[in-house]
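Let's take a friendly walk through this fold, from the overall picture down to a few local details. Please keep the sequence and the model side by side as you read.

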Amino acid sequence: MDDKVLLAALVKFLGKTELPASQFTTIQRNSLDRFARQTGAVSCQRQGRGETYRVVNLALFETHLKALSPGMKGLEEGDVPLRARNIADNRYSKTGAHRHEHYYLLLKAVGDNVLWRETGRGVELPLTQATRNFGAASLAVNADDSWSTESDLWLVENQALFDRTDWLPSGTVATVLYYGGQLNGLLLKWLGSRPRAAKVIHFPDYDGVGVANFIRLRAALGDRCSFWLMPDWDLKLDRYGSTQLWRDTLRDFACASPLLPEYLGPLADQMRQSGRALEQESVWLPVR
């Protein structure tokens with residue numbers, strides 16, 4: 001059992017006795033399942049249409065958690081950065097509360113007059129101009145700021161969709177945000193703390209990771225976000241879908257798909273029936 005992976009999973013329970021399976025990565029869930037079988041300190045149970053991990057023996061759970069952590073001695077909060085404290089406490093920077101204070105948005109404007117405003121400080125980011133001059137812009141954000149735009153915000157998982165935006169519907173005036181693979185928790189917290197855009201539109205890979213990320217986004221925003229289905233998605237899934245990608249992300253799909261809104265039912269059904277998943281870049285590929 002990889003101690004780093006297990007510790008990263010166990011510390012998520014701090015202050016909690018149960019967590020949905022979607023809070024853990026696939027490798028963390030595998031580690032938790034082994035831990036559950038070997039110790040009986042936690043269990044995985046079906047709840048509704050998903051799975052939930054529960055601490056069923058708190059004393060045993062805490063014993064194993066302490067054994068994985070050398071403890072923090074002589075360091076007061078604020079003495080060193082949080083991730084340095086995690087190394088001292090957990091031997092690993094990415095366990096516990098390891099998030100940084102800020103998250104950096106990588107943004108690109110599509111169309112004219114795309115503008116971001118921070119009303120609390122009275123500052124603006126003219127994103128269309130910055131995109132023309134520099135190709136993209138970066139913005140440091142946290143949940144307490146007031147950055148927002150009156151245009152739509154598109155979230156894309158892969159850089160190709162950020163580099164080249166001719167896949168967007170004709171006439172789109174919006175911001176494209178590249179997040180790279182997994183939606184960061186700070187980004188989700190920032191998006192959910194207040195309205196940030198006219199619409200938030202998510203275009204991930206049509207695989208287990210993409211579906212799971214949309215469920216996390218939907219948990220933060222509710223109906224203020226939507227999942228974009230590319231034109232002819234069903235034909236492309238049939239022609240270009242990957243069985244390997246489907247198998248690699250099946251567990252994420254199985255946990256997240258029961259929580260999808262009704263309009264994504266046909267996509268989930270076809271993925272399940274065909275045993276295929278589809279990557280974003282297929283948006284450029286022909287079907288005839």
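A crossing of two helices is called left-handed if the near helix is turned anticlockwise from the far one by less than a right angle, and right-handed if it is turned clockwise. With that in mind, please note that what you see is a predicted model, and that the crossing of helices H1 and H3 in it is left-handed.

**The helix pair**

Two packed helices are described by the angle between their axes and the distance between the axes. For H1 (residues 3-10) and H3 (residues 58-68), the angle is about 130° and the axes lie 10 Å apart. On the H1 side, the contact is made by Asp3, Leu6, Leu7 and Leu10. H3 contributes Phe61, Leu65 and Leu68.

**The chain as a whole**

Stepping back, the chain holds 12 helices and 12 strands. It has 288 residues, and 45% of them count as buried. The accessible surface of the chain comes to about 14,800 Å², with 49% of that belonging to carbon and sulfur atoms. How many of the contacts between residues at least 6 apart in sequence join residues at least 24 apart? The share is 66%.

**Strands and their partners**

Strands of a sheet pair through backbone hydrogen bonds, either parallel or antiparallel. Here are two pairs to look up in the model:

| Strand pair | Bridges | Direction | Residues facing each other |
|---|---|---|---|
| E2 (residues 42-47) and E3 (residues 50-55) | six | antiparallel | Gln47 opposite Gly50 in E3 |
| E5 (residues 115-118) and E6 | four | antiparallel | Arg117 opposite Glu124 in E6 |

E2 and E3 make a hairpin, with two residues between the strands. Gly48 sits in that turn and has a positive phi of about 65°.

The pair of E5 and E6 belongs to an open sheet of three strands, in the order E6-E5-E8, with antiparallel pairing. Which strands form its edges? They are E6 (123-126) and E8 (147-149), each of which pairs on one side only. On average, neighbouring strands of this sheet are turned by 25° against each other, direction ignored.

One helix also belongs in this picture. H5 (residues 127-134) lies across E5 and E6, and runs at about 50° to E6.

Key
Residues numbered from 1 in each chain as written. Predicted model: local features only at pLDDT ≥ 70, side-chain atom pairs only at ≥ 80, totals over all residues. Heavy atoms only, no water. Pairing = 2+ DSSP bridges. Axes fitted to C-alpha atoms, helices over the stretch in contact; angles between N-to-C directions. Contact = heavy atoms within 4.5 Å. Buried < 20%, exposed > 50% of the residue type's maximum accessible area, 1.4 Å probe, protein only. Areas by Shrake-Rupley, 256 points an atom, 1.4 Å probe, with all protein chains shown as cover.
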